[in-house]
Amino acid sequence: MTTEAHLHIDGVSHRYGDQDALVAVNIGVAKGEFVTLVGPSGCGKTTLLRIVAGLLSPTEGRIVLNGADITSVPANRRPTNLVFQRPTLFPHLDVRGNIEFGLKLAKLAKAERATRIQEVIDLLHLGGLERRRPFELSGGQMQRVSLARALVNRPEVLLLDEPLSALDMQIRLELEVELRRVHREIGATFLYVTHDQREALALADRVVVFDNGSVAQIDRPEDVYRTPASAFVARFVGDANVLAGEVISGKDHGENIAAIHGCPIGPTRHEPGPCSVVIRAEAWAIGNHGSPDSLEGTVLDRVFRGSTVAYRVQLTADGQLVRAEAAAGDPPRAVGDRVGLSCTGEFVVIATMAETDSSQEGTSD
Ligand SMILES: Nc1ncnc2c1ncn2[C@@H]1O[C@H](COP(=O)(O)OP(=O)(O)O)[C@@H](O)[C@H]1O
Ligand SMILES: [Mg+2]
């Protein structure tokens, strides 16, 4: 996605002093798309959002909107609005006054202001709260007002920097649903930053996974989850098991096989050699110790989660820890039981050559 992108982040790098915060970031966002940008704290998410908003100039690269280079256009002349983690409302103004503020600055006529204010009050279900001041609102209500204040300007691109992360889980889940609805109703392009991978997957049409200032993967949520491009993405999104293994060449020109400690996991198109094998907790079957083609281990702990039971199993061969999930109706295993693990679901092979973090194998817990 290059020329047809609504918003194109084109080769953007940023340095603070001699520290690289962003390194050659390329992201194309289609018109009306909801893209989430997710990565650990300090990986450059806010820096990128500020650059798109025009609050910070990139050291290198361009921001292109509708085909025009806007890199040097000041923030207040861009069709973008930024919503922050903490609501930034004026304490002395009521809800209506807060929403109206930007419209007055833009010198909109009174009738037009009234129409637009009513629109966002309806959109964000703020009816009845118009005369309240910020101290009379809950955290969730304040963040709705912040959203209303950004949307009343009818931005082409709405930028959101962890807008829900200061809220309780219950309110967060409610506002996630609201955000999806608002996005559908207004059809603007949303670029949403979060460090929470669950939220990133739940909200997005496409997810950008960030690792230390660079893009690690851009894909639909289900593809990021099912086919992570690296061990980093596999661990960060959904906390997958990343195990040291090898690809063994197939007999008689058959398919090559991925294996862990000689135990076959399944066929792969990768070339023979060392690899990492990504297997999610739900892809394991927990069988009896000594079952053929299974990895032997000992149950370290067991957590009952209602419909599933989560186990941690320590492999006998090398002490690596494996998370495995069983259905609640499966035969129960106790702490200390010796078991045999076999992969009955999806797995992903990542060539070890390209990996720089294989030293972390087995220590991610
Ligand atoms: N104004 C600044 N001056 C110097 N370093 C900064 C500044 N802002 C952020 N950084 C550094 O840049 C990196 C990226 O920060 P940031 O974009 O805030 O990450 P995130 O939003 O993903 O947590 C971090 O290492 C942070 O310490
Ligand atoms: Mg940040």
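The mean pLDDT of the protein is 92, and 96% of its residues reach 70 or more; pLDDT is the predictor's confidence in each residue, from 0 to 100. Helices (H or I, at least four residues) and strands (E, at least two) are DSSP runs, numbered from the N terminus.

**Conventions**

- Residues are numbered from 1 along each chain as its sequence is written, while chains are lettered from A and ligands numbered from 1 in the order in which they are written.
- Local features need pLDDT of at least 70, side-chain atom pairs count only at pLDDT 80 or more, and totals for chains, interfaces and linings use all residues; side-chain values use heavy atoms, with hydrogens and water left out.

**Confidence**

- Over residues 354-365, pLDDT stays under 50.
- For residues 354-365 the model has 23 contacts (heavy atoms within 4.5 Å) beyond four places in sequence.
- Where pLDDT is low, the predicted coordinates should not be read in detail.

- Buried means under 20% relative accessible area, exposed over 50%, and partly exposed in between, with a 1.4 Å probe and protein chains only.
- Both faces of E3 are covered, with Phe34, Thr36 and Val38 buried on one side and Val35 and Leu37 buried on the other.
- E3 runs parallel to strand E8 (residues 189-194), joined to it by 5 bridges; two strands pair if DSSP finds at least two bridges between them.
- Threonine 36 has tyrosine 192 in E8 as its bridge partner.
- E3 also runs parallel to strand E9 (residues 206-211), here through 4 bridges.
- In E9, arginine 206 stands opposite valine 35.

- Axes are lines fitted to C-alpha atoms, for helices over the stretch in contact, and angles run from 0 to 180 degrees between N-to-C directions.
- E15 and strand E19 (residues 338-343) run antiparallel and are joined by 5 bridges.
- Isoleucine 286 is bridged to leucine 341 in E19.

- Strand E14 (residues 273-279) pairs with E20 in the antiparallel sense over 4 bridges.
- Isoleucine 350 in E20 stands opposite serine 276.

**Helix packing around H2**

- Two packed helices are described by the angle between their axes and the distance between the axes.
- The axes of helix H2 (residues 95-105) and helix H4 (residues 139-151) come within 8 Å and cross at roughly 30 degrees.
- H2 and H4 are therefore roughly parallel to each other. Angles under 35 degrees count as roughly parallel, over 145 as roughly antiparallel, 65 to 115 as roughly perpendicular and the rest as oblique.
- The crossing of H2 and H4 is right-handed, and the contact is made by Val95, Asn98 and Ile99 of H2 with Val145, Ala148 and Arg149 of H4. A crossing is left-handed if the near helix is turned anticlockwise from the far one by less than a right angle, and right-handed if clockwise.
- The axes of H2 and helix H3 (residues 110-123) come within 10 Å and cross at roughly 135 degrees, so H2 and H3 are oblique to each other.
- H2 passes H3 in a right-handed crossing, with residues including Ile99 and Leu103 of H2 and Ile117 and Val120 of H3 making the contact.

**Positive phi in loops**

- Asparagine 66, in the loop between strand E4 (60-65) and strand E5 (68-69), has phi near 50 degrees, a positive value in a residue other than glycine.
- The relative accessible area of asparagine 66 is 47%, which means partly exposed.
- Asparagine 212, in the loop between E9 and strand E10 (214-219), has a positive phi near 55 degrees and is likewise a residue other than glycine.
- Asparagine 212 counts as exposed, at 59% relative accessibility.
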